[in-house]
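Biologist: I would like a close look at a single part of this structure, taken slowly and with the terms spelled out.

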Amino acid sequence: MSKPLAGAVRRWPRRLRRLAVAGLVVLVLASSPWLWTTLAARGHVYAAADAPAVDVVIVLGTEVAADRQRPGDRLAGRLDTAAELVTSGRATVVLVSGDGSGASGDEPEVMTTYLAERGVDRRRVVADPFGLDTYDSCARAREVYGVERALIVTQSYHLSRAVTLCRQLGVDVDGVTARCDGCGAALLAEKSVRDYFASGKAAWDAVRDRPPAVRSPANSAVLDALRG
């Protein structure tokens, strides 16, 4: 082997080590928003049967079924879990927060109807049609509806981000893991990857204190429902 070639071969391990270190640094930096949402939510996530008792439970919207009248499977799981919390006395009022003009349908209206069919008094359900994403749902719960303490319900892959954002925005929440009937391994993996990347936007929104997309005046509906 020629001397120049031999020298190049000897230098490769050092270069590989540097590349490995650089790659690790990039990975840690890229993962820092996800680590933030995960670590900040520790100690604030419960199963429905173990959740603390509060006045309000927030249910985050997601896709409505193809008929636009029924919740999709994941949304139904969230609503079933919220109904269980009300039935068991762990919550009194349900704030359903979603997109009232969503591509799949009116999420809050579908959510309200579904809860009523499962025995939750409609007078105890408040609909926010401008919960356009998780950040907006949390911000509006605090700013518009005056919610300071609540449970928040969504699936496991989404729960840490939801809890962390709400707490960052001034709502003292504990998360409750929603049912996820029909959620296979592939779907859970897909949603977990999506949430990993969504944590970057969550961190950026929190850092710049982004206002919700729709600003509304204060609304006493939650307080009225608690008094009713």
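Leaving aside its neighbours within four places in sequence, which residues is isoleucine 152 in contact with?

Modeller: This is a predicted model, in which local features need pLDDT of at least 70 and side-chain atom pairs count only at pLDDT 80 or more, while totals for chains, interfaces and linings use all residues. Residues are numbered from 1 along each chain as its sequence is written, and side-chain values use heavy atoms, with hydrogens and water left out.

With those sequence neighbours set aside, isoleucine 152 is in contact (heavy atoms within 4.5 Å) with Ile58, Leu60, Cys138, Leu159, Ala162, Val163, Cys166, Val173, Asp174, Gly175 and Val176. Ile152 also belongs to the largest nonpolar core, which has 27 residues, and together with Ile58, Leu95 and Val147 it touches the most other members. Such a core is a set of buried Ala, Val, Leu, Ile, Met, Phe, Trp, Tyr and Cys residues joined through side-chain atoms within 4.5 Å, where buried means under 20% relative accessible area, exposed over 50% and partly exposed in between, with a 1.4 Å probe and protein chains only. Two or more residues come to this core from each of β2 (56–60), β3 (93–97), α4 (134–143), β5 (149–154), α5 (156–168) and α7 (221–227), these being DSSP runs numbered from the N terminus, with helices (H or I) of at least four residues and strands (E) of at least two. The most is given by α5, with five residues. Another core lies apart from this one and has 25 residues, including Ala48, Val54, Val59 and Val120. In soluble globular proteins, nonpolar side chains tend to be buried together.
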